[in-house]
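This report covers selected residues and helix pairs. The sequence and the structure come next.

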Amino acid sequence: MTRPSPAPTGRRAWLSNVRRVRLIPTYLLIVASVAFSTIALPAQTTFKLDRNRYKLEDDVKVGQEAATQVTKELPLLNDARTEEWVEEVGRVLVAAIPSEFSHPPFRYTFDVINQKEINAFALPGGPMFLNRGMIEAGKTEAEVAGVMGHEIAHVALRHGTAQATKGERFQLGALLGQVAGAVVGGTAGGLIAQGSQFGLGTYFLKFGREYERQADLLGAQILARAGYDPRQMANMFKTIEAQGGSRQPEWMSSHPNPGNRYDAILREAALLRIQGNADSGNFDEIKSRLAKMSPALTAEQIAKANASKAGTTGATGTRAPIRVDPPSSQSRSYRPNNMITITVPANWQPTNGNDGVTTYAPGGGLAENGFTHGIQVGILQNATGDLQRDTEQMIQGFAKSNPRLQRQQGYRRENVGGRTGLTTVLSNVSDATGQAESVTVSTTQLRGNALLFLVGVSPQTEASVYGNAFQRIRQGLQISDR
Ligand SMILES: [Zn+2]
C-alpha cells in the first residue's frame with residue numbers, strides 16, 4: 001500500500017487556550033445588578049463536565065491519531081485562502097470558550113475537506129474537519145460558525161471520551177474502539193468517506209440527545225461571546241435539513257435532534273448578549289472562490305479513489321494474499337503488563353497500541369489498516385463479572401465496526417491461562433486483503449471484574465495452523481492478578 005504524502009505544513013493554526021483573550025462576561029454584571037432583587041432572572045444554561053476516566057492528554061492523543069487517519073483517507077481542499085478564513089473563524093470561537101472548559105493541552109485545528117456532502121466533525125482534543133459542502137450550504141458566515149461552535153462545544157465538554165467512559169461497561173470501550181477497528185482489518189477509506197464508523201468513529205462522532213443539547217446550548221454561548229448571533233446556529237440546522245432532501249444529511253444523523261432543537265437554541269439565545277461583531281466580511285469571497293473551483297468530490301468518488309489507492313477494485317478487494325512466515329516452533333515470552341506473561345511463536349514481534357492492547361504478529365502480518373496474522377491481548381476494565389455476557393458484549397462491540405463479522409460457533413468453555421475461559425471462532429472479510437479471515441476470541445476473568453481477552457486473526461486458508469498456535473498461547477498464558 002502506498003503511503004500518502006505528508007500533510008502540507010503551515011495549514012494548521014495551532015491555537016493555545018493559554019494565549020486566548022479573556023473577556024469579562026457581561027452576564028456577571030447583570031447578575032450583580034439584581035443581586036438584591038427578589039426577582040429571579042432566567043440565567044443562561046450551565047454545564048458540568050461528565051464523568052471521564054481519561055486524562056486531557058488522552059483526548060489529545062486519540063484525537064490526533066484519528067485526525068492522522070482522516071487526512072490519509074479524505075481529500076483536503078488545500079486552498080490557502082479558504083483555510084485562512086476557516087482558521088480565523090475558528091480562532092475567534094476558540095477564544096470564546098468559557099474558561100472552565102478551556103483545557104490547556106487542547107489544540108484546535110481547522111481543515112476543509114473537498115467533499116460535497118454537508119458534514120463537519122471534531123475529534124477529541126480539538127482537530128476539526130469541515131466539508132466544503134457545509135461551507136457551500138451556509139448562507140452566512142455565522143451559520144457556518146454555528147456548526148463550528150456546536151462542534152467546539154462537543155470537544156470542550158469532552159463528549160468523546162466521556163461517552164467512551166460510559167460505554168465501557170457494555171463495549172470494548174474507550175480507546176479500545178480502535179481495537180474493534182484494528183482487530184479485523186479496520187478502516188477502509190470508503191467507510192469513513194461514507195460517514196460510517198472508522199475505528200474511533202462510533203465513539204467519537206455520534207452522540208446522544210443530552211450531549212447534543214449541551215453542544216447546542218454551550219455552542220450558542222460560545223457564538224454570542226465570540227460575536228456571532230447564536231440564532232444563526234438554529235438557522236444553519238434548518239438549512240442543513242432543507243438541503244438534505246429525502247436523504248438525511250450525514251451531519252444530522254451523527255448529531256441527532258435532541259428535541260425542540262430550534263426553540264431551545266432560540267430560548268438560550270434570548271438570554272445571551274452578542275459581544276461585538278465577529279463577522280470577517282470575507283464569506284462571500286470564499287463562497288465565490290469555491291464556486292469557481294471544480295466541484296467537490298462525492299463520498300462515492302472518494303471511496304473509489306481510496307479503493308484504487310489501496311490496490312483493490314472495490315469493496316470485495318482483489319489484492320493478493322499477504323505472504324508471511326508460518327508460526328515458528330520456537331517460542332518467546334513477553335510481559336505486556338504486570339498481570340500477564342504471554343508466550344508466542346519466536347517470529348512474532350510485539351507492537352503496543354496506545355490503548356493498552358499489544359499485538360503480536362509475524363513480519364508482514366501487521367498492515368497499516370489492521371493485522372492479518374497474529375494475536376492481540378488486552379484487558380477490558382469495568383466488565384460486569386459475568387464472563388459470557390461480557391464476552392458477548394465485547395464481540396458486539398467488534399461487530400459494530402466490522403459489519404461482515406459472523407459467528408461460526410457457540411462458546412467453548414476452555415482453559416485460558418489456567419482459569420475457566422471462553423473461546424469462540426468468528427469469520428470476517430479482511431479490509432487489508434479482501435480475503436476471508438478467521439477470528440478466534442478467548443476471554444477469562446481477572447480480579448475486580450476485569451475481562452482479559454485474546455483475539456487471534458489469520459486468513460481462513462491458514463486457520464488450522466494458526467488455530468493451534470492460538471490454543472498454545474491461551475493455555476500457556478500466565479496470569480498473576482492477586
Ligand atoms: Zn453534535
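## R335 in strand β5

R335 is located in strand β5, which spans residues 331–337. The model is a predicted one. A polar atom of the R335 side chain lies 3.0 Å from the backbone oxygen of N338. With neighbours within four places in sequence set aside, R335 is in contact with I340 and T341.

T358 stands 23 residues away from R335 along the chain, and the C-alpha atoms of the two are separated by 10.0 Å.

## I375 in strand β11

I375 belongs to strand β11. Is I375 buried or exposed? Its relative accessible area is 2%, and the cut-off for buried is under 20%, so I375 counts as buried.

Apart from neighbours within four places in sequence, the residues in contact with I375 are W348, T358, T359, Y360, L454, V455, G456, F470 and I473. For T358, which is 17 residues from I375 along the chain, the separation between C-alpha atoms is 8.4 Å.

T384 sits in the loop that runs between β11 (374–380) and α16 (387–401). T384 has a relative accessibility of 18% and therefore counts as buried, the cut-off being under 20%.

Which side chain makes a polar contact with the side chain of T384? The partner is D390, at 2.7 Å.

## Helices α3 and α14

Two packed helices are described by the distance between their axes and the angle between them. For α3 (residues 80–94) and α14 (residues 283–292), the axes come within 10 Å and cross at roughly 145°. The crossing of α3 and α14 is left-handed. On the α3 side the contact is made by R81, T82 and W85, and on the α14 side by F283, E285, I286, R289 and L290. By type, the residues of this contact comprise four nonpolar, one polar and three charged.

## The two sides of α14

Which residues of α14 are buried? They are F283, I286 and L290. These residues lie on the same side of α14 because they cover an arc of only 65° around the axis. An α-helix has 3.6 residues a turn, so residues three or four places apart point the same way.

The buried residues of α14 pack against α3, α4 (132–137) and α5 (141–156). D284, A291 and K292 are exposed, on the other side of α14.

## Helices α10 and α13

The other helix pair in this report is α10 (residues 209–226) with α13 (residues 261–270). Their axes come within 9 Å and cross at roughly 35°. What is the handedness of the crossing of α10 and α13? The crossing is right-handed.

From α10, the contact is made by E212, D216, L217, A220 and Q221. From α13, the residues that take part are R261, A264, I265 and E268. The residues of the contact of α10 with α13 divide into four nonpolar, one polar and four charged.

Notes. Residues numbered from 1 in each chain as written. Predicted model: local features only at pLDDT ≥ 70, side-chain atom pairs only at ≥ 80, totals over all residues. Heavy atoms only, no water. Axes fitted to C-alpha atoms, helices over the stretch in contact; angles between N-to-C directions. Helix = DSSP H or I, 4+ residues; strand = E, 2+ residues; numbered from the N terminus. Left-handed = near helix turned anticlockwise from the far one by under 90°. Contact = heavy atoms within 4.5 Å. Nonpolar A, V, L, I, M, F, W, Y, C, P; charged D, E, K, R; others polar. Buried < 20%, exposed > 50% of the residue type's maximum accessible area, 1.4 Å probe, protein only. Arc of directions from axis to C-beta. Polar contact = N/O pair within 3.5 Å; in protein donor to acceptor, adjacent residues only side chain to side chain.
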